[in-house]
Amino acid sequence: MSKSNDQSLLSLLIAANEQLSRTSETAMLDAEVLLCHCLNKNRSFLRAWPEHQPSEEQIAQFQILVEQRAQGTPVAYLTGQREFWSRNFKVSPDVLIPRPDTELLIELSLSLLPTDQPCKIIDLGTGSGIIAITLAAERPLTQVFASDLSSAALDVARYNAQQLKAGNVRFAQSHWFDNIEETGFDLVLSNPPYIADNDPHLTIGDVRFEPDSALISPDNGLQDIRQLAEQARTHLKDQGQLLIEHGYNQQTEVQAIFHECGYRQINTHADLSGNPRVTSG
Ligand code: GLN
């Protein structure tokens, strides 16, 4: 970042935007979020006080973060947090960064979970816990289970559950259902890894810094979905439903897997952009 005597918020942002625009499509937004993080203020503060001069420590911290962002590190890993369904979740490089795409899975789940009756649900491969914790908070009567293979991810999820006061979530370390004895679930949910290892999407942007175990699945991205669909059968109650997020181009294959595993009433649901992204059965 170019050094000048003017160290106002506005000039810091202009310099950071210039530095980041070579590698980020959201350079100004990134700069603003990182500056807010260093100042411990929100973005309206930047608008209201463009001439404010931060402390030297704040400027130094900002310049380090901008440099890391320029090298490609996702903003959420630099600030250690990301908002999802209006709640702030801690994130670390051990977990996938929450994406707006996953709100479709939440919307569908909320439409299936009554507010006045206790239900039992499980989120497999919970990562930072966004699905389990959001549903636990929105449906306090629901008994929520969550699992992940990664103990580091479970630490993040447990921290989020505690911070967000989602006391009704029970966590377990498990590869899909391998260590889960509980049965009779109303809903089994997952945003599993579903990207093929040769997908060029993996070589650009933030995904390069995210855990492969949360992104990549063998067999053209379908192996984990198949395993989940097979295992979920014996853990669902009668009329229970499996809901899985997948890639926009996997609808046919995922529906075929659901059929092979004996699911009925198989539907694929589209996200806001009209892409088929969640299959239920
Ligand atoms: N939708 C994410 C992406 O394209 C991947 C999420 C996942 O594999 N579960 O980056």
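Analyst: Start with Asn191, which lies in the loop between β6 (185-190) and α9 (212-215). Helices here are DSSP runs of H or I with at least four residues, strands are runs of E with at least two, and both are numbered from the N terminus. This is a predicted model: local features need pLDDT of at least 70, side-chain atom pairs count only at pLDDT 80 or more, and totals for chains, interfaces and linings use all residues. Residues are numbered from 1 along each chain as its sequence is written.

Is Asn191 buried or exposed? Asn191 is buried, because 25 other C-beta atoms lie within 10 Å. The cut-offs are simple: 20 or more other C-beta atoms within 10 Å of a residue's own make it buried, 12 or fewer make it exposed, and anything in between is partly exposed, with C-beta atoms placed from the backbone. Leaving out residues up to four places away in sequence, Asn191 touches Thr102, Leu105, Gly125, Ile131 and Glu245. A contact means that two C-beta atoms, placed from the backbone, lie within 7 Å.

Tyr194 lies in the loop between β6 and α9. Tyr194 is buried, with 23 other C-beta atoms within 10 Å. Its partners, again not counting residues up to four places away in sequence, are Ser217, Gly221, Asp224, Ile225, His246, Gly247 and Gln250.

The UniProt record, an unreviewed entry, gives the annotation "binding site" to Asn191, Pro192, Pro193 and Tyr194. UniProt positions follow the numbering used here, feature names are shortened, and annotations may be inferred rather than shown by experiment.

Now the ligand. Around it are Arg99, Asp101, Asn191, Pro193, Tyr194, Ile195, Val207 and Leu215.

Ile131 is in α7 and is buried, as are Ile130, Ala132, Ile133, Thr134, Leu135, Ala136 and Ala137. Helix α7 (residues 130-138) is largely enclosed by the rest of the structure, because eight of its nine residues are buried.

Next, the annotated regions. UniProt lists residues 110-204 as "domain: Methyltransferase small" (unreviewed entry). That span is 26% helix and 23% strand, and its end C-alpha atoms lie 33 Å apart. Residues 12-80 carry the UniProt feature "domain: Release factor glutamine methyltransferase N-terminal" (unreviewed entry). Over residues 12-80 the chain is 70% helix and 0% strand, with end C-alpha atoms 21 Å apart.

A separate division comes from an automatic or database domain assignment. It gives domain 1 (9-72) and domain 2 (94-280). Their C-alpha centres lie 34 Å apart.

Glu83 is in strand β1 (residues 81-84). With 11 C-beta neighbours inside 10 Å, Glu83 counts as exposed.

Finally, the whole chain. It comes to twelve helices and nine strands. Along its principal axes, the C-alpha trace spans about 70 × 40 × 35 Å. Of the 281 residues, 37% count as buried. Among contacts with a separation of 6 or more, 65% join residues 24 or more positions apart.

Conventions: Near = placed C-beta within 6 Å.
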